[in-house]
Amino acid sequence: MQARLKPGARFPDVALFDLDGTLLDSAPDMLATVNAMRAERGRGPIALDALRPHVSKGARAMLAAAFADVAVETRESWVPEFLAVYQRELGRHGAPFDGVEAMLGALEAAGSRWGIVTNKPEYLARLLLPLLGWQSRCAVLIGGDTLTARKPDPLPLTVAAERLGVAPSACVYVGDDERDIVAARAAGMPSVVALWGYRLAEDDPIAWQGDVMIDTPAALADPARWPAR
């Protein structure tokens, strides 16, 4: 569903973003992680294209893609190893998507604040911020383990708004996964589907019913592309 855009549109007071697949193309870091784990087990590397669609689904989904023949229980026991190896590879291979810096700059120039609500563990997200030069720019950061629930539960989004002293309806959430849009809707927050992110072939972003769908981060440097509030 496409939301009606207001004449004389303006940026939202607060823009909240998912991290992996929305602000950050972290798939190369994730690939280095799973390939290090595969090498440790005497296996050859997998290709980036084989992993990229799974990145927004989290560590377990990436391990399933990289070790499809391994039992679920065994892969589950490898999650701490995945996180430890990923911390070593953090920020070494990935980068913000093209257009993200221009978009964030446009928000800041307009006086809007922006923050991150991710299912990535908070300590890993916080380690990334200085590598990206975002540590003093990001107004709020909520990780997947910050609270008692994570997306698609709306709690991380409502708490992010609360910490910034605004109503959820004053924010817009941008994400590339269905759970991002589900969480935003439950929080009473307008949403943007980031079509440039990571999706499985069977994913149907139209069915997620976000307020708007946007092809590139650069498009969000235009206030008219944000949903009306």
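Is Asp215 buried or exposed? Asp215 is exposed, with a relative accessible area of 55%; buried means under 20% relative accessible area, exposed over 50%, and partly exposed in between, with a 1.4 Å probe and protein chains only.

This is a predicted model, in which local features need pLDDT of at least 70, side-chain atom pairs count only at pLDDT 80 or more, and totals for chains, interfaces and linings use all residues. Residues are numbered from 1 along each chain as its sequence is written, and side-chain values use heavy atoms, with hydrogens and water left out.

**View 1. Confidence along the chain.** The average pLDDT of the protein is 95, where pLDDT is the predictor's confidence in each residue, from 0 to 100. A score of at least 70 is reached by 96% of the residues. Over residues 1-5, pLDDT stays under 50. For residues 1-5 the model has 16 contacts beyond four places in sequence; contact means heavy atoms within 4.5 Å. Where pLDDT is low, the predicted coordinates should not be read in detail.

**View 2. Asp215 and its surroundings.** Asp215 lies in the segment after strand 8. Helices (H or I, at least four residues) and strands (E, at least two) are DSSP runs, numbered from the N terminus. Not counting residues up to four places away in sequence, Asp215 touches Leu195 and Trp196. Between Asp215 and Met37 there are 33 Å in space, C-alpha to C-alpha, and the two are 178 residues apart in sequence.

**View 3. The largest pocket.** The volume of the largest pocket is about 420 Å³. On a 1 Å grid over the protein atoms alone, a pocket is an open set of points where a 1.4 Å probe fits, with protein on both sides within 12 Å along at least five of seven lines, and lining residues have an atom within 4 Å of a point. Grid points are joined across faces, edges and corners, and a volume is the space filled by probe spheres set on the points. The lining holds 27 residues, of which Gly58, Ala59, Asn119, Lys120 and Pro121 are the closest to the pocket centre. Helix 3 (59-66), helix 5 (79-89) and helix 9 (178-187) are the elements that give two or more residues to the lining. Helix 5 gives the most, with 4 residues. By class, the lining of the largest pocket has 10 nonpolar, 5 polar and 12 charged residues; Ala, Val, Leu, Ile, Met, Phe, Trp, Tyr, Cys and Pro count as nonpolar, Asp, Glu, Lys and Arg as charged, and the others, Gly among them, as polar.

**View 4. Helix 1 and what covers it.** Helix 1 covers residues 27-40. At 1.5 Å a residue, its 14 residues should span 20 Å, which agrees with the 20 Å between its end C-alpha atoms; the expected span is 1.5 Å times one less than the number of residues. Among the buried residues are Ala27, Met30, Leu31, Val34 and Met37. The cover over the buried residues includes strand 2 (24-25), helix 2 (48-51), helix 3 and helix 5. Asn35, found in helix 1, is buried at a relative accessible area of 16%. Leaving aside neighbours within four places in sequence, Asn35 is in contact with Pro45 and Ile46. Just after helix 1, Gly42 takes a positive phi of about 75 degrees.

View 5. Leu48 has its place in helix 2 and counts as partly exposed, at 26% relative accessibility. Beyond its neighbours within four places in sequence, Leu48 is in contact with Ala27, Pro28 and Leu31. Leu48 and Met30 are 9.0 Å apart in space, C-alpha to C-alpha, and 18 residues apart in sequence.

**View 6. Leu23 in the loop between strand 1 and strand 2.** Leu23 is buried, with a relative accessible area of 0%. Leaving aside neighbours within four places in sequence, its contacts include Phe17, Pro96, Phe97, Trp114 and Trp134.

**View 7. Backbone details in two loops.** The peptide bond from Lys151 to Pro152 is cis, with omega near 20 degrees. Pro152 is found in the loop between strand 5 (141-142) and helix 8 (155-163). Gln209, a residue other than glycine, has a positive phi near 60 degrees. Gln209 lies in the loop between strand 7 (191-194) and strand 8 (212-214).
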